[in-house]
Amino acid sequence: MRLRRDSGLYGYERALHRAGLDPVAGADEAGRGACAGPLVAGAVILGESRARRIEGLRDSKLLTPLARERLYGEITRKAVAWSVVAVPPEECDRLGMHVANLAALRRALVRLDVAPTYVLTDGFSVDGLGVPGLAVWKGDRVAACVAAASIIAKVTRDRIMAAEHLVHPQYAFDVHKGYCTPLHQERLDAYGPSPTHRRRFVNVRRATKVEDAVAYGQDETHEQDEQDEQGEVRAS
């Protein structure tokens with residue numbers, strides 16, 4: 001497949017279409033580097049017609065929250081097919097982040113209502129799909145379907161973390177979305193891990209040990225108090 005440097009964001013899809021590989025699906029994830037919340041993957045097949053063309057597509061990380069929300073609505077209306085899946089924190093811990101990442105991308109692609117003939121993924125190749133694919137370096141910046149998938153994944157995950165904030169407001173999940181920011185670390189150290197934190201992350205394990213040590217110290221103090229009281233009773 002030959003691709004010109006100036007082919008634009010839809011260049012990959014056009015080149016694959018000319019080669020007889022259509023439809024093309026893009027997949028991307030959000031939350032792989034976060035220490036709290038789910039890993040979310042999106043998959044999108046975009047239409048070829050001008051009526052289905054989505055202007056302003058970019059890597060979700062380069063967009064404002066308002067622009068992401070607007071594009072999310074447009075993608076879900078105009079896409080030939082789209083899907084999104086969330087891998088919960090406990091499954092991320094069990095599988096490890098790399099395996100969980102591949103599993104999330106695979107699940108999102110398999111759940112598309114229209115089966116793709118070719119798959120583009122951001123950075124990681126995904127096997128077990130039954131169709132050929134290509135892992136594209138910074139795919140969300142060079143392939144329209146991958147950029148669309150990144151927006152679907154990011155907006156979905158941000159909404160999940162906003163909901164988590166309502167349950168656990170002390171962590172400020174609505175601000176940092178579970179990523180390892182100084183604010184998040186401050187709250188994690190102060191309150192210990194929540195059920196949505198990923199225990200495989202070193203900073204979360206460290207906060208868990210601190211929490212356990214505090215609890216153990218309190219138990220030890222209570223035990224000592226009981227021994228002192230028993231001693232006083234015997235002495236009297």
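**View 1. Strands β2 and β3 are joined by 7 bridges.** The strands, β2 being residues 39-45, run antiparallel. I45 has A81 of β3 as its bridge partner. Strands here are DSSP runs of E of at least two residues, and helices are runs of H or I of at least four residues, both numbered from the N terminus. The model is predicted, so local features need pLDDT of at least 70 and side-chain atom pairs count only at pLDDT 80 or more, while totals for chains, interfaces and linings use all residues. Residues are numbered from 1 along each chain as its sequence is written, and side-chain values use heavy atoms, with hydrogens and water left out.

**View 2. The open sheet has 5 strands in the order β3-β2-β1-β4-β5.** Pairing in the sheet is mixed; two strands pair if DSSP finds at least two bridges between them. The edges are formed by β3 (81-87) and β5 (133-136), and each has a single partner strand, so one side of each is left without a neighbour in the sheet. On average, neighbouring strands are turned by 20 degrees against each other, direction ignored.

**View 3. Helix α6 lies across β1, β2, β3 and β4.** The helix covers residues 144-167, and it runs at about 35 degrees to β1 (24-30). Angles run from 0 to 180 degrees between N-to-C directions, with axes fitted to C-alpha atoms, for helices over the stretch in contact (heavy atoms within 4.5 Å).

**View 4. R68 is a buried residue of helix α2.** Helix α2 spans residues 65-78. R68 counts as buried because its relative accessibility is 8%, where buried means under 20% relative accessible area, exposed over 50%, and partly exposed in between (1.4 Å probe, protein chains only). Leaving aside residues up to four places away in sequence, R68 touches S60, L63, I151, K154, V155 and D158.

**View 5. C35 is in no disulfide.** The whole structure contains 0 disulfides, a disulfide being a pair of cysteine sulfur atoms within 2.5 Å. The cysteine sulfur nearest to that of C35 belongs to C180, 3.5 Å away. C35 is buried at a relative accessible area of 0%. C145 is likewise buried, with a relative accessible area of 0%.

View 6. From the N terminus on, the elements run α-β-β-α-β-α-α-β-β-α-α-α-α-α. Of the 236 residues, 47% are buried.
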